[in-house]
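Here are my notes on the model you passed along. Have it open while you read, and I'll go point by point.

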Amino acid sequence: MATLKQYTMDNMPSTGMLSGPIEGTLLQFLVWATGAKRVLEIGCFIGFSAQMMASALPEDGTLTTCEIDPDVAAIAQSHLDGSPDGHKIDIRIGPALETLRSAARAAANPRRLHADPQARLRGLARSS
Ligand SMILES: C[S@@+](CC[C@H](N)C(=O)[O-])C[C@H]1O[C@@H](n2cnc3c(N)ncnc32)[C@H](O)[C@@H]1O
């Protein structure tokens, strides 16, 4: 995490966006204390708080984080790829409101996730 902070200080124009270690540790504690398995974050930036929270999730836990800036998201992803808890983190690029709307639509109507309804029917027939 020190590397991530140093990278931000050296390379990012908006260093003020980065959460500090106190905020990161508080978020990490809250995830641990609540026993959360799923976390939704609005505003990933470089992924510091996402990584802090993900470290407190169980191995099958997931953290979805929304980021409107694709360039920032790409940098965050490159740091997640080499991190111990990066596999728990899913960065959704775009306006958070849109991401939340499409997630709500998918949850309300899971069949819409299937691009090919015939394939879904064949799958159901095989399993019955
Ligand atoms: C304060 S920073 C987040 C800091 C980060 N959580 C951390 O701890 O390092 C806010 C981030 O939210 C992103 N953002 C701003 N508006 C957004 C929106 N409508 N949807 C998704 N992301 C947005 C910005 O690009 C920025 O990276």
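**Notes on the model**

1. Let's start with a helix. Val 72, Ala 73, Ile 75, Ala 76 and Leu 80 are the buried residues in α4. Looking down the axis of α4, you'll find these buried residues within an arc of 160 degrees, so they line one face of the helix. Keep in mind throughout that this is a predicted model.

2. The other side of that helix is worth a look too. On the face of α4 turned away from its buried side sit the exposed residues Pro 70, Asp 71, Ala 74 and Asp 81. As for what covers the buried residues of α4, β2 and β3 (89-93) are included. The helix itself runs over residues 70-81, 12 residues in all, and its first and last C-alpha atoms are 16 Å apart, close to the 16 Å expected at 1.5 Å a residue.

3. Stepping back to the whole chain: the protein chain has six helices and three strands. Going along the sequence, their order is α-α-β-α-β-α-β-α-α. Of the 128 residues in the protein chain, 23% are buried. Counting contacts with a separation of 6 or more, 65% are between residues 24 or more positions apart.

4. In soluble globular proteins, nonpolar side chains tend to be buried together. Here the largest nonpolar core holds 21 residues, and Cys 44, Met 53, Leu 57, Leu 63 and Ala 76 have the most contacts inside it. At least two residues of this core come from each of α3, β2, α4 and β3. Ala 76, then, is on both lists: it is buried in α4 and is named among the core residues with the most contacts.

5. Setting aside neighbours within four places in sequence, Met 53 is in contact with Leu 27, Gln 28, Val 31, Val 39 and Leu 63. Leu 63, like Met 53, is named among the core residues with the most contacts.

6. Now the ligand. Which residues come nearest to the ligand? Of the 15 residues around the ligand, they are Ser 19, Gly 43, Phe 45, Ser 49 and Ala 96. The elements giving two or more residues to this shell are α3 (48-54) and β2 (62-67). By type, the shell residues are 10 nonpolar, three polar and two charged.

7. Ser 19 is in the loop between α1 and α2, and Phe 45 is in the loop between β1 (38-42) and α3. Is Phe 45 buried or exposed? Phe 45 has 21 C-beta neighbours inside 10 Å, so Phe 45 counts as buried. Ser 19 has 18 such neighbours inside 10 Å and therefore counts as partly exposed. I'd also flag the backbone of Phe 45: its phi is near 50 degrees, a positive value in a residue other than glycine.

8. The C-alpha atoms of Met 17 and Cys 44 are separated by 9.7 Å.

Key: Residues are numbered from 1 along each chain as its sequence is written. This is a predicted model: local features need pLDDT of at least 70, side-chain atom pairs count only at pLDDT 80 or more; totals for chains, interfaces and linings use all residues. A residue is near a molecule or strand if its C-beta atom, placed from the backbone, lies within 6 Å of it. Helices (H or I, at least four residues) and strands (E, at least two) are DSSP runs, numbered from the N terminus. Ala, Val, Leu, Ile, Met, Phe, Trp, Tyr, Cys and Pro count as nonpolar, Asp, Glu, Lys and Arg as charged, and the others, Gly among them, as polar. The expected span of a helix is 1.5 Å times one less than its number of residues. A residue is buried if 20 or more other C-beta atoms lie within 10 Å of its own, exposed if 12 or fewer, and partly exposed in between; C-beta atoms are placed from the backbone. The arc is that of the directions from the helix axis to the C-beta atoms. Two residues are in contact if their C-beta atoms, placed from the backbone, lie within 7 Å. A nonpolar core is a set of buried Ala, Val, Leu, Ile, Met, Phe, Trp, Tyr and Cys residues joined through C-beta atoms within 7 Å.
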